[in-house]
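Please open the model in your viewer and keep the selection panel at hand. The stops below go from the whole model to single residues.

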There are 2 protein chains.
Amino acid sequence: MKVYLAGPEVFLPNAREVLDAKIALARRYGFTPISPGDLEIPAFETKRGHGLAISAVNEKLMSGAEMIIANLTPFRGIAADVGTVYELGFMCARGCPAYGFSNMASNHFERLMAYYGGSIQPDAHGRPRGPDGVAVEDFDMIENLMLDGGIEARGGVLVTREVAPDRLFLDLSAYEECLSIAARRLLAAPG
Amino acid sequence: MKVYLAGPEVFLPNAREVLDAKIALARRYGFTPISPGDLEIPAFETKRGHGLAISAVNEKLMSGAEMIIANLTPFRGIAADVGTVYELGFMCARGCPAYGFSNMASNHFERLMAYYGGSIQPDAHGRPRGPDGVAVEDFDMIENLMLDGGIEARGGVLVTREVAPDRLFLDLSAYEECLSIAARRLLAAPG
């Protein structure tokens, strides 16, 4: 079963090393990993042309994959990497099993509480809002409800871990738990 | 043509008013708008059950839509709302025409330059990186390359505007430009 390994690891200083570790783990659990870092993109005349070529190759890789494991660890802010989220939505629309993990244990509401410095209050209808009046989702979910909901609707799980800050994009134990659960559910069990 | 109106407007204090204005504009340009704010969700026993029900209804609405216009204005940080991005990826995987707009004119690289306080430097291979060593996309794109790339590959455009800060999620001129371009390209032109 071909699994697309989505995540912001491609941006890390040691991207190749981390991607190779993810690839090796996926193989160990019986999957055929497809990783965006695998691709070679030819040089392009414009920056934009280069970016479009990477997008096209990633979409092609996804279209050949049968499931996704998305690293939804908050990236440069309080939410998941938007490139990864695009890919999660893409694979969910294709009806593929979808799994996710986050190396922060805090859920969406807790991260927004920190973002607003604790100033979240219910409005007249009981809906929680920040001091800017903008509503805050409080659904016992790790991320925006479309992400948690999309994963659950495709039979997957969203695994969380609290890891040391300097291991935020390096610790692979939550990723490995996704592989372990997915292997039990999706790969033919021996006799 | 049924257009799904994705965006974080659903969280605004005056969400209904803004969504109704978007709906009216879409109709004026000849589209049949489908808006996540339209739906009525029954009360659920758990918060999580409630969130999952909203996710399921939104996915059903998307599955009945033929194109998407996504509000990709940076939301609570430097990137687009992840719920909206999930929906963009979802509709792109379905092969639907995809349009986007942002009410910040700054592109992805410029926002990251501000995020890193100007400390972006090329590494030994010429790839720009922040002081944390994490790579920065520099592709003359408004957002992560999967978003710009997905929209362009489906014949759409990503329109930007610089609007007054207090109109960031209220100004509909970039949205209206999406409608205008999409109407010319996608709706049967008279005579």
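What follows is a short tour of a predicted model.

Residues are numbered from 1 along each chain as its sequence is written, chains are lettered from A and ligands numbered from 1 in the order in which they are written, and side-chain values use heavy atoms, with hydrogens and water left out.

**Both chains.** The model has ipTM 0.97 and pTM 0.97. Select chain A and colour by pLDDT: the average is 95, and 97% of its residues score at least 70.

Next, select residues 82-93 of chain A, helix α3 (helices are DSSP runs of H or I, at least four residues; strands are runs of E, at least two; both are numbered from the N terminus). Is this helix mostly covered or open? Eleven of its twelve residues are buried (under 20% relative accessible area, 1.4 Å probe, protein chains only), among them A:Tyr86 and A:Phe90. Just after α3(A), A:Gly95 has a positive phi of about 80°.

**A:Asn107.** Last, select A:Asn107, in the loop between β4 (98-102) and α4 (108-115) of chain A. A:Asn107 counts as buried because its relative accessibility is 15%. Beyond neighbours within four places in sequence, A:Asn107 contacts A:Met141 and A:Ile142 (heavy atoms within 4.5 Å).

How values were computed:
pLDDT = per-residue confidence, 0-100. Buried < 20%, exposed > 50% of the residue type's maximum accessible area, 1.4 Å probe, protein only. Expected span 1.5 Å × (residues − 1).
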